[in-house]
Amino acid sequence: MTDTQTPEERRELARRTVLAAGGVAVTAVGVGGAFVASAQASDQENACYTLTSELVEGPYYIDADKIRQDVTEDQEGVPLHLRLKVIDAETCRPVRNAAVDIWHCNASGIYSGYEAMGSGGGGGGGPSGPPPSGTPTDTPTGPPPGGGGGHQEPTDDERYLRGTWRTDRHGYVGFRTVFPGWYQGRCVHIHVKVHVDGTWTDAGYEGGHACHTGQLFFDEKSVLASAEVEPYASNTTTRTTLDEDTIYPGNGHAGGLLYLKYDHRHIARGVHAHLTLGVAPDETNDG
């Protein structure tokens with residue numbers, strides 16, 4: 001303002017100054033709102049996971065007797081690098097020093113320790129003995145092999161494609177294995193179990209309790225790609241798809257569906273799989 005301005009000019013200038021200030025305020029609110037929205041979006045991206053679905057243990061579990069990350073042994077198949085992160089679903093904090101078990105069938109549908117049970121459906125030369133839930137038919141009845149039913153005592157000393165390892169301080173654990181095959185009545189899957197509150201010793205992991213028992217699943221595209229290469233191509237067992245499976249809960253990654261990365265033209269070069277498991281450490285879920 002100057003002394004030469006008329007009262008009307010001064011009032012107009014004052015009004016414009018207020019409006020300008022108001023505009024800055026509005027702009028500030030707008031920017032603040034943008035920051036809030038961005039923070040909310042970031043919070044959603046980093047939100048705690050829901051509890052990963054608890055699923056049946058199946059009849060072929062053998063308690064943590066192989067403390068190792070590479071469980072392949074002499075089994076043929078597409079190399080699979082599996083990385084899991086275990087977090088407390090309520091607090092989002094990593095679960096450290098947990099013992100994570102994995103076990104699954106080989107490319108022919110056979111579980112180590114249970115070779116006398118066969119593949120549950122004839123893959124890889126056919127079963128050499130009856131599966132735990134009875135002789136399978138084209139339409140399986142009762143709990144499917146490897147998915148339900150009571151625990152079976154091992155029939156042999158083989159332990160390929162089984163192992164236990166501890167989570168690091170960030171909750172991560174990794175395994176080297178092969179892409180699983182399939183057998184009568186089940187889609188392609190890996191069993192997983194998480195133990196907490198135990199003690200790591202020179203002999204392995206002792207005590208504690210299982211806070212999560214679940215299964216990990218593969219999308220159809222990856223399974224179809226693996227089925228084109230050996231030794232999977234020689235598995236003549238009728239395959240159950242992911243949608244047909246009676247164990248998979250159908251809820252995506254919360255139900256155990258793995259994130260996969262591989263060359264879609266050359267899956268035989270290997271597959272990288274990862275997933276975050278949201279668990280309840282204070283609960284017991286032994287399947």
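Trainee: Which residues touch the most other members in the largest nonpolar core?
Mentor: L82, L84, L216 and L277, in a core of 38 residues. Keep in mind that this is a predicted model.

Trainee: Which elements each supply at least two residues of that core?
Mentor: Strand 1 (79-88), strand 2, strand 4, strand 5, strand 6, helix 2 and strand 8 (271-279).

Trainee: And where does the largest share come from?
Mentor: Strand 8, with five residues.

Trainee: Back to L82. What does it touch, leaving out residues up to four places away in sequence?
Mentor: L82 is in contact with I102, V173, G174, F175, I190, L216, L258 and A273. One of these, L216, is also on the list of core members that touch the most others.

Trainee: What does the second core include?
Mentor: That core is separate and has nine residues, among them Y60, Y61, W103 and Y114.

Trainee: Changing topic: how many aromatic pairs are there?
Mentor: The structure holds eight. Take Y111 and Y183: the ring centres are 5.7 Å apart and the planes stand at 70 degrees, so this pair is edge-to-face.

Trainee: Where do Y111 and Y183 lie?
Mentor: Y111 is in the loop between strand 2 (99-103) and strand 3 (162-166), and Y183 is in the loop between strand 4 (172-178) and strand 5 (189-201), so the pair ties together parts 72 residues apart in sequence.

Trainee: Are those two buried or exposed?
Mentor: Y111 is buried, at a relative accessible area of 3%. Y183 is buried too, with 2% relative accessibility.

Trainee: What about F179 and F218, how are their rings arranged?
Mentor: Their centres are 4.6 Å apart and their planes are at 50 degrees, so the pair counts as tilted. F179 sits in the loop between strand 4 and strand 5, while F218 sits in the loop between strand 6 (204-217) and helix 2 (220-226), so the pair ties together parts 39 residues apart in sequence. Both F179 and F218 are buried.

Trainee: Which residues do ring pairs link into a cluster?
Mentor: Y60, Y111, Y114 and Y183. Y60 and Y114 also belong to the second core.

Trainee: Now charges. Which ring does R83 lie over?
Mentor: R83 lies over the face of Y172, 3.8 Å from the ring centre.

Trainee: And the charged end of K193, where does that sit?
Mentor: Over the ring of Y61, at 5.0 Å from its centre.

Key: Residues numbered from 1 in each chain as written. Predicted model: local features only at pLDDT ≥ 70, side-chain atom pairs only at ≥ 80, totals over all residues. Heavy atoms only, no water. Phe/Tyr/Trp six-rings, centres within 6.5 Å; stacked < 30°, edge-to-face > 60°. Helix = DSSP H or I, 4+ residues; strand = E, 2+ residues; numbered from the N terminus. Buried < 20%, exposed > 50% of the residue type's maximum accessible area, 1.4 Å probe, protein only. Lys NZ or Arg CZ within 6 Å of the ring centre and 35° of its normal. Core = buried A, V, L, I, M, F, W, Y, C linked by side-chain atoms within 4.5 Å. Contact = heavy atoms within 4.5 Å.
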